[in-house]
Amino acid sequence: MTTFQLEKHVNYVKSLDKKSDFDSVVMEHLRMSGAYWGLTALDLMHSLNDMDGEEIAAWILKCQHDCGGFGGNIGHDPHILYTLSAVQILALFDKLSVVDADKIAKYISGLQREDGSFAGDEWGEIDTRFTYTAVSCLSLLKRLDSINVEKATDFLVRCRNFDGGFGCTPGAESHAGQIFCCVGALAILGALHHVDRDLLGWWLCERQVKAGGLNGRPEKLPDVCYSWWVLSSLIIIDRAHWISKEKLRDFILNCQDQDRGGISDAPDDAVDVFHTFFGVGGLSLLEYPGLKSIDPAYALPVDVIDRVFYGQKS
Amino acid sequence: MDGPEEDNTTRGRVLLADLDLIFLNDPLIDELGFVHPSQLLSLHSDGAAATSKPPFVGRTPKSSSLTSGSSNPEDEPYAHADCSRKSEHGVDLIENLEDLPIDEGLVQNGVPYDRMAFWSGEHKLAISAVALAPLYKSAKEAFTFSSAEYKKLCQAEETASSAASQALEADMKHHGNGTVSPNQKKSALEDSLMSYSRALVLVNCDHATAWNMRKRLLPKRAADGDVLVAELRLAGVVLSCAPKSEETWAHRRWVICQMINNGVPRMKLDLILESESKLVEAVAERCPMNYRGWRHRGWLVTQMSFVQVAIELYRTKLWASLHVADNCCFHYRRTLLLQLLKSQVPGIVESRELAATAEEKELNMRVLKVALFDGSETRALWKEEVDWTKHLITRYLGREALWLHLRFLFYYWRLHIRRTVSPARAKEDPDGVQHECDSKHTFISMDSEQQFVSICLSACASNLTEDANKQREFAASYKLWVLMNGFQQQKQESRRLSAPPVDKRDSIRMLLNDMAPHRSKLWEGLLTGS
């Protein structure tokens, strides 16, 4: 059986910050999310201490705008997605106190629409991903009371389809990534009774292909990132025992770059930080030995969540 | 600063200016490709015939439309490869190419742009992979600098304090711009920012900050609608190269909302929505199951008139039957069907803006009947969709998208439509369980569906292909779907699946484990509720 190349993955993630090739340059606009993926993966692999938290926090603060929101990098416009990534990274380093929680909460609550949905930024695009982002971020900051929780829940419920899944807006096609966002947000809001667990569990289990990997929608190929989106949703609704976990574990392990580290979307493809994080996250959900446990709704290590909510130091 | 870095900076600035020149010369450019330098050379040597070759898939009609034209089936293998931004001719080649010599060859006839970096003709634009990095770097620097300048000017204007504007004027005099007024400077900066942001989004489709700057500036320039039409065209150019770009699809929606807010006439809006829908279809041809593209198409439905929705349903039928594995298209049909059902609720048809008069309304209804199902009943609409889906299922074995569509059709018929269409035929017992008393009169019942499953299973009984294996799995799971949805508590407000009656459990369990043993845990969980 293939084993998990922990040390190589750690070195791979650490090497990313120094890259300056063209591919990296055109990804600069989402560096905040890239940092969250990489740093959370490192923490799950017990290697966050190798990183300079002070320096990273200083950079994060430079990405914050007067409105309270964060950009994906210095000089980039604020967006709710990067605002969550910024807060998540600060939570990893136990540095949530360096930001003004009320200011961030004001930015996020300002993005809620009359129908309960959330816009991603001032330009008004609506997506259930932004609802998840708002809910998760405000929960970490203990400011959920700054939004209309009831309306936010109603909007999520309106995005539910006949197959039990959820899409990005009411009526949009079910998609495993959007399902994670909706189920994760409902879990944080304590509103999982709106989910038909058997029906949604059925749809999610049908994402597992015979070879063991998970796809994100019907008729698609398996991809490592859905190890996260699908499995975390199944765990939240308590239906993970309906799939073959062993086969899924083997699929993820087969997507490792055995020589240089990193995990790709499918076997023999090029690795990247996004799939490395979701591969490591998926293995953590599968309770793979040597990895920290990850919280399926917050997508942060369980000890970080415990520290945020119960003040417990690990 | 001297050396290679300085050379690169200068080169970037030249490329940025060349790009402006190319768009000035041909504002109707509708397709973009990143190419290997050798491909660029062959484009230049082939002249106009080049547009039928990679990286281009579309031929622009002489009378240019909003969309990028129809796709050429012969180019399909390449087009699929081009679905990802990292195509084989794309940006991932750059690392290996940096040592190639770059000469500044200028076009001798026509527009004097750098032939080692660009090719343009027939409303297409090709950019050499080696030119992308210097072009992007220069565009980014210029954009960052000008954004900051622009912000300063706007702030000075906002505060309207004479001190601030005096300081600014003094600042400008100091830089030798004594004759330029703040307004002129602002307008020049706006022009520059439109140019820099265009270069940025062409190279990096998801550069939201660049798209946002355009959203800030466009309302100032959109006095005539052409500016917004041109913006849709630019977004189309980006999508031709990056069909999955979320920011670009979102930008299109923003532009269309601007048009609506500016009071675009309904007729014109209908045409825009129609051409948007065709654009998504053209993109879907090259890049199958593109969630962000189909999401855009679904959004269009929310803006469409009743008649347009009906026409869309009619039109997508052929495309869907040629793309039976494209779940997105079948989901789109579900969106259209539900929208039509919603429209049939009394009051909604009447409130539609399009049907301003009774005469218009009648005309709409007539168009609908002709275009759609030759009859005004939901029943006919549903029956046609069910029959068509079953026909496709028997013709194309093992297509998950088709079986899911059938699940939808059964589910909605049972739970939402049947009762409103034929209430007399549904008899309820005191517990609220609907009995199968109407099988003779309805075209989709628990009996009819179980029969259909049996027919499908026996049709492929001796077929050992993977497609037939899948067909058996989907047929068996559809039977479970029918059983679990058929016996549902009709009075229940929020719907839950209910396990089949005990006497049916053993036979369905055996069937499922026979046809899809790899999902035995799922079947056990669903049947026993654990």
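Two rings of Phe, Tyr or Trp count as a pair if their centres lie within 6.5 Å, and for Trp the six-membered ring is the one used. Planes under 30 degrees apart make a pair stacked, planes over 60 make it edge-to-face, and the rest are tilted. This is a predicted model, so side-chain atom pairs count only at pLDDT 80 or more. Over all chains, the structure holds 29 aromatic pairs.

Start with Trp229(A) and Phe278(A). Trp229(A) belongs to helix H11 (residues 225–236) of chain A and Phe278(A) to helix H13 (residues 273–285) of chain A, so the contact ties together parts 49 residues apart in sequence. Are these two residues buried or exposed? Trp229(A) counts as buried because its relative accessibility is 16%, and the cut-off for buried is under 20%. Phe278(A) is also buried, at 3%.

The rings of Trp403(B) and Tyr478(B) have centres 5.7 Å apart and planes at 55°, so they count as tilted. Trp403(B) sits in helix H18 (residues 400–421) of chain B, and Tyr478(B) sits in helix H20 (residues 466–486) of chain B; the pair therefore links parts 75 residues apart in sequence. Trp403(B) is buried, with a relative accessible area of 3%. Tyr478(B) is buried as well, at 0%.

Return to chain A. Trp229(A) and Phe278(A) are members of a cluster linked by ring pairs. The cluster also takes in Tyr36(A), Trp37(A), Tyr132(A), Phe180(A), Trp228(A), Phe274(A) and Phe277(A).

Rings meet charges too. Arg207(A) lies over the face of Trp203(A), 4.4 Å from the ring centre. In chain B, Arg334(B) lies over the face of Phe408(B), at 5.8 Å from the ring centre.

Now turn to empty space. Rolling a probe the size of a water molecule over the atoms shows where such space is left. The second largest pocket holds about 1200 Å³. It is lined by 35 residues, and those closest to its centre are His65(A), Asp77(A), Pro78(A), Lys151(B) and Arg216(B). Which helices of chain B supply at least two residues each to this lining? Helix H5 (129–159), helix H7 (182–203) and helix H8 (208–221) of chain B do. H5(B) gives the most, with eleven residues. By class, the lining divides into twelve nonpolar, ten polar and 13 charged residues.

What does the record say about chain A? An unreviewed UniProt entry carries the annotation "domain: Prenyltransferase alpha-alpha toroid" over residues 4–299 of chain A. In the model, the end C-alpha atoms of that span lie 20 Å apart. The span is 47% helix and 1% strand.

Finish with the backbone. Most residues other than glycine have a negative phi. Glu219(A) has a positive phi, near 70°. Glu219(A) lies in the loop between helix H10 (197–205) and H11 of chain A. Met289(B) also has a positive phi, near 55°. Where is Met289(B) found? Met289(B) is in the loop between helix H11 (266–286) and helix H12 (291–303) of chain B. Met289(B) counts as buried because its relative accessible area is 6%.

Definitions and conventions:
Residues numbered from 1 in each chain as written. Chains lettered and ligands numbered in written order. Heavy atoms only, no water. 1 Å grid on protein atoms, 1.4 Å probe; cavity = no way out; pocket = protein on both sides within 12 Å on 5 of 7 lines; lining within 4 Å. Points joined across faces, edges and corners; volume = space filled by probe spheres on them. Helix = DSSP H or I, 4+ residues; strand = E, 2+ residues; numbered from the N terminus. Nonpolar A, V, L, I, M, F, W, Y, C, P; charged D, E, K, R; others polar. Buried < 20%, exposed > 50% of the residue type's maximum accessible area, 1.4 Å probe, protein only. Lys NZ or Arg CZ within 6 Å of the ring centre and 35° of its normal. UniProt positions renumbered as here; feature names shortened; annotations may be inferred.
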